[in-house]
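Okay, thanks everyone for coming.

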Amino acid sequence: MEAADEKKPLLNHHGWPPQPQEEHPGYTSDGTVDFNGQPALKQSTGKWRACFFILGAEFSECMCFSAVARNLVTYVTTVLHESNVDAARNVSTWIGSCFLTPVVGAFLADSYWGRYTTIVVFLSVYIVGMFILTSSAALPWLLPGFSDEHVGIHRAAVYLGLYFVALGTGGIKPCCAALGADQFDSADQTERVAKGAFFNWYFFSINIGSLLSATLLVWIQDNVGWTIGYAIPTVLIGFGLAVFIAGSKVYRYKPVGAGGSPLTRVTQVVVAAVRNCRLELPDDASALYENGRAGRHTSQFKFFDKAAILLPSPEKKGPWRLCAVSQVEELKMLLRMCPVWALLLVFFAVTAQMSSTLVEQGMAMDNRVGGFIVPPASLSTFEVVSFLICVLLYEAILVPLARRLTGEDRGFTQVQRISVGLALSGAAMAYAASVETKRLASPAATMSIMWQAPCYCLLGTAEVFASVGMLEFFYDQSPESMKSLGAAVAQLTIAAGNYLNSALLGVVASCTRWIPDNLDQGHLDYFFWFMAALSALNLLLFIYCSTRYKS
């Protein structure tokens, strides 16, 4: 009996080759199956009807994540009494971990469980983490004798909950985007264009969740209490899990590949190429193993072609000594993406300032706006609103206009889109530096916090170009058997960017006094200028590498 669909991981995934679907025009052509493991019908599965459930779950997760991340630096400085530098570093490290664990989730999704099961399991872990975090916030209220002597226990409970949440994000961030993209048949021109729009609406739903968190939930945390401020998102993430499961029967599922773990396949190519390093490559690439059936062969990274050299018949063959050209090309596809990946790190080190140094800058400014007291973390509302507006303008105006000029289906190539985002992020840092210089020249806490708003707007616009373009780039350019891993690589970029920010803050703290506990006695503007200069250099390198990139 054939296994049903990828949401049943304990059955034999690897035993079901997808049934031929191209024979019937009503079926998808990309090997996807329905809830019952049968070829997916276009009319009753996938497309936007399925994406509504996926986007609903992602909305709930993002609202929960933003409720924690946006105001975390305030929590650890005011409740756990950490210094400005320690708080900024710890928050950046935690956020980095949230975008590192998707590598684990993507590996499990692509190799064993499938995307659906991975999301369900990791959402459950996420809920446990939020419950621990909410309980830790309630410790002073639950324990009448709670005092500063118990701060170690309190801190341990907070970080235990936070890192359970970080683990929970590992199955959601790579798999929701990939599962959503799976709902569109790449062989269908209409659905292929819709898939490009999906990534915009994916980020749109994320930012709607962030908007509500940055306004409503941050206000509740600062004015009602941290326990209620964390309990609400805990309930929301439970609701998100229920919404996701409710859409099970309309999803299109991609069976887990019969070729085994994608990471194993990549490792086999490296090992085989090293073992065959003394062999000479044939002049004719068609002499390589399985080239006749593999389709495209590229000339880059020729060393790895040695993994596909046919050995003399007496030689012992095996997957660790002889690999198909198609398998070698999977590794080459990943290697070609590496420069793009590396050059996005600075961008995400810049966006990490929104949850660290920009919040601390806002805490040193006058946060009275009219008759309201605006929490510094709520300034990220401007980033979210600018993102939402720019997504709408991008889809409605910019894409049709650019399509006429460039002939591209999506208006811009993915690397062009990313380049614009990199430029805008550098401009945002230059603006933040100018604001800090002006603040230092003003009497203490007299400069309005609203001066930060343009910086957040620039960063929101930058994310429309760079973040969305990055996710679409890594999904499209990844090998077919590694789509979840491709999405995880995109998340890993965010993780590495946050770790880079944490490292830079550590170096700055040890070598300078730019960011003391009292910002009036430091020079945060120097740090922002440094990030602006780093962004400009990074943009030049990205433009150079993008001209040499071959898909």
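This is a predicted model: local features need pLDDT of at least 70, side-chain atom pairs count only at pLDDT 80 or more; totals for chains, interfaces and linings use all residues.

Residues are numbered from 1 along each chain as its sequence is written, and side-chain values use heavy atoms, with hydrogens and water left out.

Let's start with helix α11, residues 262-275. When I say helix, I mean a DSSP run of H or I of at least four residues, numbered from the N terminus. α11 has 14 residues and spans 20 Å from first C-alpha to last, close to the 20 Å expected at 1.5 Å a residue; that expectation is 1.5 Å times one less than the number of residues.

So which residues of α11 are buried? They are P262, R265, V266, Q268, V269, A272 and A273. Buried here is under 20% relative accessible area, exposed is over 50%, and partly exposed is in between, with a 1.4 Å probe and protein chains only. Those residues sit on the same side of α11, because they cover an arc of only 155 degrees around the axis. The arc is taken from the directions from the helix axis to the C-beta atoms.

Okay, salt bridges. The structure holds 14 of them, counting a side-chain nitrogen of Lys or Arg within 4 Å of a carboxyl oxygen of Asp or Glu.

Pair one is K254 with D182, where the closest N and O atoms are 4.0 Å apart. This one links distant parts of the chain: K254 is in the loop between α10 (226-246) and α11, D182 is in helix α8 (residues 173-182), and 72 residues separate them. K254 counts as buried at 13% relative accessibility, and D182 is buried too, at 1%.

Pair two is D305 and K332, with closest N and O atoms 2.8 Å apart. Again distant parts of the chain are linked: D305 comes from the loop between α12 (291-294) and α13, and K332 from helix α13, 27 residues apart. Buried or exposed, these two, D305 and K332? Both are buried.

R439 is in helix α17 (residues 414-440), D520 is in the loop between α19 (483-511) and α20 (524-548), and the two are 81 residues apart. R439 is buried, with a relative accessible area of 3%, whereas D520 counts as partly exposed at 38%. One more thing on this topic: salt bridges that share partners join K42, D185 and D188 into one network.

Now a few single residues. F164 is in helix α7 (residues 151-169), and it counts as partly exposed at 31% relative accessibility. F164 and M130 are 34 residues apart in sequence, and their C-alpha atoms are 7.8 Å apart in space. Leaving out residues up to four places away in sequence, F164 touches V125, V128, G129 and I132.

E395 belongs to helix α16 (residues 380-406). If you're wondering about G31, its C-alpha is 29 Å from that of E395, and they are 364 residues apart along the chain.

Last up, backbone angles. In general, most residues other than glycine have a negative phi. Here K47, not a glycine, has a positive phi of about 55 degrees. K47 is in helix α1 (residues 47-69) and is partly exposed at 26% relative accessibility. F301 also has a positive phi, near 50 degrees. F301 is in the loop between α12 and α13 and is partly exposed, with a relative accessible area of 33%.

That's my tour, so let's go to discussion.

Definitions and conventions. Contact means heavy atoms within 4.5 Å.
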